[in-house]
Amino acid sequence: MAVNLTPNAIAAIIAGDVNSKPLVQILDIKLIAAAAQPKERYRLLLSDAVSSQHAMLATQLSDRVKSGQVRKGSVVQLIDYICTSSQNRKIIVVLNMETIIRECEIIGNPKSLVEFDSTAQKPLPNGSLDHSTRVSNNRFNAQNPGQSVQSFPPTVQPPYQPPPNYRNHGPMLKNDAPARIIPITALNPYQGRWAIKARVTAKGDMRRYNNARGDGKVFSFDLLDSDGGEIRVTCFNAVVDRFYDAIEIGKVYLISKGSLKPAQKNFNHLKNEWEIFLETTSTVELCPEEDGSIPRQQFSFRPISEIENAENNSILDVIGIVISVNPSVPIMRKNGMETQRRILNLKDGSGKSVELTLWGEFCNREGQKLKEMIDSGSFPVLAVKAGKVNDFNGKSIGSISSTQLFIDPDFPEARGLRNWFDRGGKNVASVSISREIMPGGSKNEIRKTVSQIKDEGLGRSDKPDWVTVKATISFIKTDTFCYTACPLMIGDRQCNKKVTKSGNMWTCDRCNQEFEECDYRYLLQAQIQDHTGLTWVTAFQESGEEILGCSAKELYLLKYEEQDDDKFGGIIRSRLFNQYLFRLKIKEEMYGDEQRVKITIVKADNVNHSSESRYMLDLISKFSR
Amino acid sequence: MHVGKKVRAVVHVTQSDGEITTGKSTDEHQLIVKGLPHVSLMSYVEVIGIAESDQSIRAETWTNFGNTFDAQSYNQVCQLANGEFKGLFL
């Protein structure tokens with residue numbers, strides 16, 4: 001195969017030409033495993049058919065060697081590469097390349113490029129060198145077209161070598177030349193000089209610390225560049241003073257001369273193995289003109305189905321269609337301050353939906369806007385950056401101070417969602433991941449009869465048993481059916497502790513607060529019965545409301561304030577002998593000094609006769625003959 | 001098999017013209033029911049009456065079950081009630 005590699009490509013790169021995107025061949029690949037590096041690096045031997053030179057392959061390209069896309073003999077086009085000097089040696093680093101021919105015989109007879117130092121070079125004035133350059137070029141060109149490259153003389157004088165007089169002297173001192181801006185993903189400790197241009201996406205608070213070496217202060221900020229690369233930058237002590245005020249979220253900076261160290265994965269969740277540490281010699285320059293090529297934020301959206309398995313309190317980004325917006329409700333926080341809370345439901349293409357809880361200002365701003373959009377019949381796309389996972393009731397997402405909301409944003413993911421929804425996604429049923437209180441999900445129902453609870457000793461192991469029983473309410477204890485509960489919020493849950501009245505006010509021991517109005521919550525003792533037997537159960541607020549069909553407060557007022565026993569009795573009687581599919585939690589607990597099995601109704605569902613029939617028919621078919 | 005006896009069946013009405021009502025049984029056969037008043041199409045009606053032939057019933061009592069009915073489950077119950085669990089019913 002006759003392929004022409006770019007003539008003098010190696011010499012050109014050494015001389016500083018990093019823009020010509022030459023075609024070169026890889027003669028050798030060696031895996032370098034140095035102690036200090038977390039990732040393996042490959043060293044290539046590049047050839048332009050005449051000369052060869054080693055080059056380091058950026059780690060983001062390592063996979064190409066591993067997958068065989070790049071191998072010995074491959075002819076590649078260098079797209080993005082730099083050449084730096086280190087201790088009088090040139091180091092080429094390849095940041096991006098394209099494999100043109102994967103397998104190829106070695107072209108030419110490349111020899112290692114000899115480094116020309118000042119003594120060996122003939123001190124020719126500029127003009128002569130140019131002349132010889134031209135001559136050399138012609139010589140090469142004449143022999144180039146179509147012919148086998150074997151006819152080249154074995155050693156070549158590189159035509160682009162700068163005249164030795166200008167080496168390390170004069171206005172072109174290497175140290176002062178502005179460092180080339182490279183993508184954040186190319187940053188590595190072997191870089192030599194680098195500069196990055198990026199936008200601050202997050203700025204941490206300044207933190208003071210005290211350790212064996214004394215006091216100190218530190219702050220970090222996160223950067224995002226136009227290629228989507230992200231990296232954290234950290235400053236200590238005096239460096240904090242230099243840069244803390246200068247760094248503002250959303251602004252773009254040119255940063256250079258920091259040191260690169262491995263990222264601390266415990267705190268740093270950005271996708272970069274390195275972290276920049278600024279020193280007193282580092283430079284941070286504000287770029288006043290708006291750089292549209294650098295996005296304001298980087299998202300990594302997770303499908304709602306994945307959130308089901310996310311860790312409690314983890315921070316993530318999500319995007320979905322808003323399918324419902326509840327009204328804003330005032331919630332009293334533990335410190336006595338009132339705040340607003342609004343619950344929304346988001347749905348995406350994964351078949352799942354999730355509850356999103358907005359707090360504070362989000363309710364009035366984005367929350368209100370979303371409500372108006374829903375009321376007018378549209379279903380907007382909402383992107384959430386930095387929402388917090390909460391596992392109180394299944395998995396839900398709550399807003400935190402650093403959360404950002406984007407309504408109908410112009411992202412490809414938003415457009416994709418919109419298309420999916422409008423073309424039928426709207427009618428696809430989604431299962432909410434925010435409602436399951438019990439483990440295992442609703443599809444793993446274990447059906448038992450009342451007698452099996454006792455016969456099989458359910459609830460006696462160290463974990464509670466969750467079963468489903470079809471049974472009828474046969475009795476409800478009415479002398480105490482509810483308790484007075486604390487309405488204050490602790491975080492995003494209501495306190496619910498029993499409160500006592502002193503004078504006109506109710507007091508909560510846990511919240512240490514007094515308030516005029518308490519909440520009423522069900523604490524029902526009831527009997528359920530099926531064809532095998534009967535048992536006592538407890539039902540709390542949610543299942544109590546399902547069984548009695550009205551709120552505990554209503555019943556309480558009816559019985560104790562209006563004192564209408566007839567009406568009260570009538571309501572209770574009407575709720576007896578209804579059949580439900582009860583989801584029960586069964587656990588043995590200590591009562592005084594004896595172990596008793598406590599059964600709690602977690603959910604009371606109406607029986608769907610059609611599916612129940614099918615269930616029973618299926619059971620019948622399994623009878624052993 | 002049950003001609004001349006009192007039977008009970010659920011019919012999915014396909015035609016109703018006063019005297020004669022035509023419908024589909026839960027096992028996909030055509031049934032004629034005599035003596036029903038006008039019934040809306042596609043509704044499910046339970047008919048109790050004498051089987052005049054193996055494809056027609058003279059109705060004595062009837063109940064309209066509406067449009068939602070799990071015909072498949074009903075059919076399975078019929079098969080069980082006339083098959084292996086006959087002893088429970090007759």
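The following paragraphs describe a predicted model of two protein chains, taking in each chain, the contact between them and selected residues.

The model is predicted, so that local features need pLDDT of at least 70 and side-chain atom pairs count only at pLDDT 80 or more, whereas totals for chains, interfaces and linings use all residues. Residues are numbered from 1 along each chain as its sequence is written, chains are lettered from A and ligands numbered from 1 in the order in which they are written, and side-chain values use heavy atoms, with hydrogens and water left out.

Chain A contains 12 helices and 34 strands, where helices (H or I, at least four residues) and strands (E, at least two) are DSSP runs numbered from the N terminus. Of the 625 residues in chain A, 43% are buried, a class defined by a relative accessible area under 20%, with exposed meaning over 50% and partly exposed in between (1.4 Å probe, protein chains only). The accessible surface of chain A amounts to about 34,000 Å², and 49% of this area belongs to carbon and sulfur atoms; accessible areas come from the Shrake-Rupley method with a 1.4 Å probe, and for residues only the protein chains shown count as cover. Contacts (heavy atoms within 4.5 Å) in chain A that link residues at least 6 apart in sequence join residues at least 24 apart in 62% of cases.

Chain B comprises 2 helices and 5 strands, and its elements follow the order β-β-β-β-β-α-α from the N terminus on. Among the 90 residues of chain B, 36% count as buried, and the chain exposes about 5,600 Å², with 55% supplied by carbon and sulfur atoms. For contacts in chain B with a separation of 6 or more, residues 24 or more positions apart account for 46%.

The contact between the two chains draws on 7 residues from chain A and 7 residues from chain B. Together the chains bury about 530 Å², of which 63% lies on carbon and sulfur atoms; buried area is the accessible area (1.4 Å probe) that two parts lose on being put together, summed over both. Between chain A and chain B the count is 1 salt bridge, the term denoting a side-chain nitrogen of Lys or Arg within 4 Å of a carboxyl oxygen of Asp or Glu. This pairing joins B:Asp70 to A:Arg614, with the closest N and O atoms 3.3 Å apart. On the side of chain A that touches chain B, the residues divide into 3 nonpolar, 2 polar and 2 charged, where Ala, Val, Leu, Ile, Met, Phe, Trp, Tyr, Cys and Pro count as nonpolar, Asp, Glu, Lys and Arg as charged, and the others, Gly among them, as polar.

Over all chains, a search of the whole structure finds 31 salt bridges. Side chains of opposite charge can pair when their charged atoms come close. In chain A, A:Asp375 and A:Lys371 meet in a salt bridge with an N to O distance of 3.0 Å, and these residues, being 4 residues apart in helix H6 (residues 361-375), are separated by about one helical turn. A:Asp375 is exposed, with a relative accessible area of 55%, whereas A:Lys371 is partly exposed at 22%. A further salt bridge links A:Glu366 with A:Arg365, the closest N and O atoms being 3.3 Å apart; here A:Glu366 is buried at 14% relative accessibility, while A:Arg365 is partly exposed at 44%. For A:Asp410 and A:Arg415, the closest N and O atoms of the salt bridge are 2.4 Å apart, with A:Asp410 exposed at 64% relative accessible area and A:Arg415 partly exposed at 42%. Salt bridges that share partners also join A:Asp408, A:Arg418 and A:Asp422 into one network.

Leaving aside neighbours within four places in sequence, A:Thr538 is in contact with residues including A:Leu523, A:Gln525, A:Lys598 and A:Ile601. Under the same exclusion of neighbours within four places, B:Gly66 is in contact with B:Ser43 and B:Tyr44, and B:Tyr44 lies 22 residues away from B:Gly66 in sequence but 5.6 Å away in space, C-alpha to C-alpha.
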